[in-house]
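Here are a few notes to read alongside the model. Have it open and follow the charged pairs as you go.

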Amino acid sequence: MAHDRNQPGDIRGYLLGDLTHETQEELERKLMTDDDFHQQILMAEDDLVDEYLSGQLVAGQRQRFEEHFLRTPERQQKLRFARALHEYLNTVAQERSVLSLEKQPVPSTGAGLRHSILRFFARPARGLVPALAAAVLVLAVTAPWYLLKMNQLRGEVSELSAELSRIRSQAATPGEIPSSMQPQIRTQESTALAGIDTPGKPRSTMPSAPLPVALILHGGGRLRSASGGLQLLEIEDQVSLVDLKLDMAAADYPSYRASLLAEGREVMSQAGFTAEDTSTAIMITWRMAAAVFTSGDYEVRLQGITPDGRAEDSGTYFFRVRKP
Amino acid sequence: MAPRRDPRDGMDHEIPIRQGYPNLAPLRTEWRITQSMFDRFLAWLNPDRDEAGRRYETIRCRLVRLFASKGCELCEDLADEAINRVVVKIQPIIEAYEGDPMPYFFAVARLVWLEYVRRRSRFPAPPPPCAGDTTGERECLEECMARIPGSQRDLILEYHGAGRGHRKQARLRLARTLGIEMNALRIRAYRIRLQLHDCILACLMRR
């Protein structure tokens, strides 16, 4: 049939009343009998309305659209809906561009952390309240587990320390620890340290529940050189957990791996992160023990893991830690 | 707008003919449609009454679209007029006509349209359409956007969100990300949009 050979143009012409009588009738017959074609017509109506609103119709088409297409109340309602949708999309786009403008370096002052947190919570963002409610719920559910895990890890560290002492006492000198065991010991210590405070260091103010502190990190060395300053993470004594929130432009990978570096050396790393889209921002949250940090400059390197397992650089984040 | 008939109404009474727009007055016949006529009509569409009701809605929807595409502002009235003409002649139709009812409705719709065009010139043209203030739609849209699942909201924002020059590329990327063909993406976006549209209409009705 004729419309099968030139369907998109015919449908548009049909909607704008530009077809010959014969073609028009052919399409009408198909509209009555073909379910798929009926849906094509409905979708083409939406496309036409969108093109009208975004100024993509040429003068003649605009005129036909207004004089022919828009004659029915239902289509006028479609236009009103599409106009509302376009306004909504523009608002969302503006909000997103404001967010990207906000990705400016935070001055290296004592108020940097408070400023970051306040700015995060002060955003007039849609969906923030449900996101916070979900976060509170997650915290409520995971806190007991976390406490349990901490106790378990503390026990493991004690055992490891005892084991280490035993090995050292058996060796003639400390350097005689079997080399095959050294990486294992370091890894286990590092894993344990990521969960709790440094073993052996007396902790005078162990809180009854972990008190996380959050730092939102915006991407890259670019920011660092632009301002000469770093985002500051102040960790008070009573803080036991740190949430590093890595702000991303887009979630381009199914999963991520993050490494924490100090003075160019890797302190710890973790894989299996997925980006959370909170409607105000796309972020990865990396929670770790506050004890991991000492005062100094840090760097987080983020790598996206492709579906075939390759790691690709996705971003670098710099910040400075200050502890009492 | 004239009241719509419920095709699943089981009461045996005469169904009143609705009062249409003045433009339609010379076209409208004083049909006397009884419940038994309407029951036979539904049975002709489908022996199952619920299925027949859905069929009735489909036929009406397509007739409305057919008249709308002719640039007719009274498309709903003409669609009802075409259906009424079939209902009142249902007995001879059942006896003489075989096959899918859709082509029959199409033929009746053509006659209704020709009669309407012949008589339309005697009446003033309707005022030009005006989109007007969309504040209500906008407020309802925000409410409806908050109700749909996040994945659907993201899809509709991505699908419609890219600027004019980048729209095609953005949609191709989105289709690739979702692992579907462009046409499947278009249908998916259309269905979400339809869902939003219905939600907005319901929201506006509540206000």
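1. First, a term: buried means under 20% relative accessible area, exposed means over 50%, and partly exposed is in between (1.4 Å probe, protein chains only). By that rule A:Lys78 is buried, with a relative accessible area of 8%.

2. Some housekeeping: this is a predicted model, where local features need pLDDT of at least 70, side-chain atom pairs count only at pLDDT 80 or more, and totals for chains, interfaces and linings use all residues. Residues are numbered from 1 along each chain as its sequence is written, chains are lettered from A and ligands numbered from 1 in the order in which they are written, and side-chain values use heavy atoms, with hydrogens and water left out.

3. Who pairs with A:Lys78? A:Asp46 does, through a salt bridge (a side-chain nitrogen of Lys or Arg within 4 Å of a carboxyl oxygen of Asp or Glu). Their closest N and O atoms are 3.3 Å apart. A:Asp46 sits in helix H4 (residues 35-53) and A:Lys78 in helix H6 (residues 73-101), both of chain A and 32 residues apart. Helices here are DSSP runs (H or I, at least four residues), numbered from the N terminus. A:Asp46 counts as buried too, at 10%.

4. Now hop between chains: B:Glu137 forms a salt bridge with A:Arg80, closest N and O atoms 2.7 Å apart. B:Glu137 is buried at 2%, whereas A:Arg80 is partly exposed at 21%.

5. Over all chains, a search finds 30 salt bridges. Shared partners join several residues into one network, among them A:Asp46, A:Lys78 and B:Arg65.

Definitions and conventions. Helices (H or I, at least four residues) and strands (E, at least two) are DSSP runs, numbered from the N terminus.
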